[in-house]
Each structure stands twice: as C-alpha cells, then as structure tokens.
Amino acid sequence: MLRNNFHPAMENIKLSPIVSISEEVRSKENLFKNATGKDFIKFQRGEIDFATPAYIVDAAKNAMDEGKTKYPKSGGEQVFKEAILRKLERFNKAEGLTTDNIIVTYGGQEALELVFKLFHGEKTGGFAPVWSCIIENMVPYAETNFIQAPLGKDFSVDFDKVEEVIKEVSLFYLNTPQNPTGKLFTKEEVVKIAELCAKYDTFLLSDEAYERITYDGKSHFSPVSLMLENTISAFTLSKTYSMTGWRLGYLVTRNKHITELAKLTDYTQTAGVTTFLQYAGAEALNNVEEEKKAVTAMLKEYSLRREALYNGLKEIDGLEITKPDGALYMFPDFSAFIPESIKGRQREVYVYNQLMENGVAVVYGSCFGEYFTGNLRFSFSGVNVDQINRGVARIRETLQR
C-alpha cells in the first residue's frame with residue numbers, strides 16, 4: 001500500500017486561519033447579499049487595496065523589454081542589492097553594511113522561513129500575540145518549539161517575562177510595527193530586547209514588513225542599525241509599495257556566515273528571485289521622489305481609516321481597545337461580550353461567529369497564539385471609510401442583540 005504519511009515538518013504545517021476565514025466569507029457573501037441586500041464588510045485580510053505605483057510597474061515592463069528575463073544571480077542582483085543598501089542607510093540609519101550582508105528573497109515570508117530553518121529543532125520564541133503564519137507555518141516547518149512572551153493587555157512589554165523567554169531560546173522573533181496589534185515598539189524597547197538577546201547569545205529576528213506604516217509623527221526603529229552580529233532583519237516591498245503579489249523582499253544581517261547559508265538555502269528552494277522583479281524593486285527604492293508621493297498618499301488614507309475604525313469601536317461600551325501606532329490592524333478585546341457559561345473553542349469564536357452572521361468578517365484572537373483569545377483582529381488595509389462606518393454600525397447592532 002502506498003504510504004500517505006510524510007515528514008512531520010511537512011505534515012504539521014497548517015493552512016493560515018486567515019485564508020480559511022476568507023474562504024468562509026467567499027462561500028457566504030452571495031447568500032448574505034441575496035438575503036439582506038448588503039455586502040460583506042471584510043476586515044479579515046491584510047491585503048492592500050492600492051494599485052502598485054505606475055513607476056514600479058513601468059520599471060518591470062522596461063526590464064522585460066531589455067531582456068532581464070534570464071536566471072537570476074544567487075542571493076540577488078547587484079542592482080537591487082545596491083538599492084537596498086542605499087535605502088538601509090537612508091531610512092534605517094544602518095551603516096557599515098555591504099551587499100554581502102543582503103539576501104534577496106521571495107517576499108519577507110521567505111526571509112523569515114530561511115531564518116527559522118537555521119534553528120531547526122531548537123527552541124525559538126517571541127511575543128504573543130504573534131502573526132499566525134509564524135506558528136502555523138514557520139514553526140512546524142523548522143520543527144521548533146516556540147515559546148510565547150505575552151504582551152500586557154495594553155500591549156506593553158513586561159521585560160521580566162521577555163528575559164525569561166530569551167534566555168531559554170536560540171532565536172527571538174520581533175515584529176515591529178506588529179501584526180495583529182499595530183504596536184510600534186519604541187527605540188528603547190527594541191534596544192533593550194536586542195541587548196537581552198546579546199546577553200544570552202540569542203539571535204534576534206526582526207520582521208519589519210510595516211516599517212513605513214506609522215502614525216502621529218512616530219517612526220520605526222530598526223535593530224539592523226545596531227552594530228550586532230546576532231541580529232537578522234526581514235523586509236518586504238509588499239506593504240510600503242503595494243506590491244503584495246510581487247513577492248519581493250530581503251534579509252539583512254551583519255553576520256556574513258548567515259547570508260552565505262541563506263544564499264545556499266535559497267538556491268535549493270527557488271534558485272533566486274525573478275530578475276525583472278528585482279530591477280523593478282531597485283526602481284521602487286531608488287526613485288525617492290516617486291516613492292514619497294506614493295507612500296504619502298497611502299499613509300493619508302490609512303490614517304483616515306484608522307481614525308474611523310478606532311473612533312467607532314471605542315464608543316462601544318464594554319469594548320477595550322488600544323489605538324495602534326503602526327501597521328494596518330487593531331486588536332480590540334471583546335471578552336465582555338462572551339457569556340461566562342461558554343467555554344473552550346466555542347468561547348474563542350463566539351463573537352467572531354456572531355459578526356460573521358451579520359456580514360462582518362474579522363479574525364479571532366486564538367489565531368495569534370495562546371493568549372488574547374477574547375480579542376479580534378481588524379484589518380483596515382482594504383476597506384474604505386464608508387465601509388468601516390457601516391461595519392462598525394453592524395458590530396454595534398450585533399453586540400446589542
């Protein structure tokens with residue numbers, strides 16, 4: 001009989017619950033509209049609804065016309081890596097790096113996977129809540145034991161808890177600004193986390209996917225600017241430039257042994273990122289004037305959405321919410337609306353199911369780890385202000401039933 005069980009590193013990977021939720025919405029939205037005449041309000045996905053800026057699209061077309069369609073160079077094309085280096089110096093204030101400190105990857109996700117794979121079978125850790133793909137995909141693929149250090153209810157950092165985790169693990173994962181909370185870790189917090197990692201010979205993996213999406217004059221601080229060889233940063237063009245489907249990212253570390261290993265591992269998986277995409281990426285980073293126009297326009301709209309969603313939700317009595325300083329998410333606590341008699345799994349999805357029945361899609365808190373199971377994640381990356389206002393009205397109506 002042909003076997004149907006394979007290595008646990010593959011068998012234990014799960015489909016992202018966010019994808020599953022989106023499939024559930026797809027199956028219900030037509031029925032809901034036929035019954036009510038209303039559209040689903042979709043807060044569940046982190047997809048960007050802006051088009052990729054024309055100057056980047058044109059650069060990809062030009063690169064194809066110029067024949068940049070052959071096998072890519074292992075680790076990344078020089079033209080893109082040099083653009084990344086300039087961006088790191090300009091925006092991240094990271095000095096003393098060379099192109100040998102950079103590996104080009106298929107999105108930030110591949111960069112993260114390569115790093116987790118370096119610590120195969122070892123203990124890893126990070127903050128809770130944690131992006132669902134870490135615990136559903138990266139951790140089982142690398143067969144690591146991921147230990148969670150919970151943030152406070154207001155997403156503050158308890159450094160005693162953090163230190164307890166850091167001294168037990170080989171790799172500590174930091175996502176700033178964070179998915180799902182929108183927390184922007186301060187420079188002081190990032191430096192202290194980096195110092196604790198250095199104290200215990202733990203590597204720090206910094207996921208900086210939302211580095212450009214910050215509010216109220218606050219700015220992102222990258223640990224790549226610190227002169228530490230135990231720090232690895234993962235970046236992507238997906239969010240900053242609305243290039244989610246392009247799958248273009250990069251890994252940066254001062255530890256050149258890691259970049260050598262990552263280059264070899266990357267070659268075994270994808271043999272490098274498509275050449276013409278890298279030329280488009282170089283233009284995205286190099287054309288500072290066009291970049292500023294695109295990023296400014298997106299941030300202006302995101303700020304309006306953030307205000308509408310926060311102001312609407314905070315008016316709901318019993319709902320606890322912290323205003324995010326970055327990224328595209330809010331993670332309010334709906335625990336007060338869950339009857340004490342409901343336990344276990346049903347408790348985790350109680351409010352989620354009620355909202356889904358009323359045409360509002362969110363992500364329930366247990367998708368992001370073992371803590372914050374009464375919270376729900378809202379993404380405002382793909383909903384306009386009008387949709388947000390209608391969604392909040394529906395949420396209020398649902399909770400008051």
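I started with the second largest pocket: H2 makes the largest share of its lining, 6 residues. I am working from a predicted model, in which local features need pLDDT of at least 70, side-chain atom pairs count only at pLDDT 80 or more, and totals for chains, interfaces and linings use all residues. Residues are numbered from 1 along each chain as its sequence is written, and side-chain values use heavy atoms, with hydrogens and water left out.

**Entry: second largest pocket**

I noted a volume of about 310 Å³ for this pocket. Of its 17 lining residues, Val25, Glu29, Lys42, Gln44 and Arg45 are the closest to the centre. H2 and strand E1 (41-42) are the elements that give two or more residues to this lining. By class I read 4 nonpolar, 6 polar and 7 charged residues for the second largest pocket.

My terms for these entries: a pocket is an open set of points on a 1 Å grid over the protein atoms alone, with protein on both sides within 12 Å along at least five of seven lines; a cavity is a set where a 1.4 Å probe fits but cannot get out; lining residues have an atom within 4 Å of a point. Grid points are joined across faces, edges and corners, and a volume is the space filled by probe spheres set on the points. Ala, Val, Leu, Ile, Met, Phe, Trp, Tyr, Cys and Pro count as nonpolar, Asp, Glu, Lys and Arg as charged, and the others, Gly among them, as polar. Helices (H or I, at least four residues) and strands (E, at least two) are DSSP runs, numbered from the N terminus.

**Entry: largest pocket**

Next I looked up the largest pocket, which holds about 550 Å³ of space. It is lined by 27 residues, and Gly46, Gln109, Trp131, Tyr210 and Lys239 are the closest to its centre. Helix H2 (17-36), helix H5 (107-118), helix H6 (132-142) and strand E5 (171-175) each supply at least two lining residues. H5 gives the most, with 4 residues. I read 9 nonpolar, 12 polar and 6 charged residues in the lining of the largest pocket.

**Entry: H5**

Is H5 largely enclosed or open? It is largely enclosed by the rest of the structure, because 9 of its 12 residues are buried. Buried means under 20% relative accessible area, exposed over 50%, and partly exposed in between (1.4 Å probe, protein chains only). Among the buried residues of H5 I listed Gly107, Gly108, Glu110 and Glu113.

I found Glu211 in the loop between strand E6 (203-207) and strand E7 (231-236). Glu211 is buried, with a relative accessible area of 3%. Which side chain does the side chain of Glu211 meet in a polar contact? That of Asn92, at 3.0 Å. A polar contact is a pair of N or O atoms within 3.5 Å; within protein, one must be able to donate a hydrogen and the other to accept it, and residues adjacent in sequence count only if both atoms are side-chain atoms. Leaving aside neighbours within four places in sequence, Glu211 is in contact (heavy atoms within 4.5 Å) with residues including Lys87, Phe91, His220 and Tyr250.

The structure holds 4 cavities of 30 Å³ or more. About 50 Å³ of space lies in the largest cavity. Glu211 is one of its lining residues, as are Lys87 and Tyr250. I read 4 nonpolar, 2 polar and 4 charged residues in that lining.

**Entry: Thr398**

Thr398 is found in helix H14 (residues 385-399). It is buried, with a relative accessible area of 2%. Its side chain has a polar contact of 2.6 Å with the side chain of Asn358. Beyond neighbours within four places in sequence, I listed Gln354, Leu355 and Asn358 as the contacts of Thr398.

Tyr352 has its place in helix H13 (residues 350-357). Tyr352 is buried, with a relative accessible area of 4%. Its C-alpha atom is separated by 7.5 Å from that of Leu376, 24 residues apart along the chain. Neighbours within four places aside, Tyr352 is in contact with Ile21, Glu24, Val362, Tyr364 and Leu376.

I then traced an open sheet of 3 strands, in the order E9-E12-E11, with antiparallel pairing. Strand E9 (329-330) and strand E11 (363-364) stand at the edges with a single partner strand each, so one side of each has no neighbour in the sheet. E11 and strand E12 (residues 376-379) run antiparallel, joined by 2 bridges; two strands pair if DSSP finds at least two bridges between them. Val363 has Arg377 as its bridge partner in E12.
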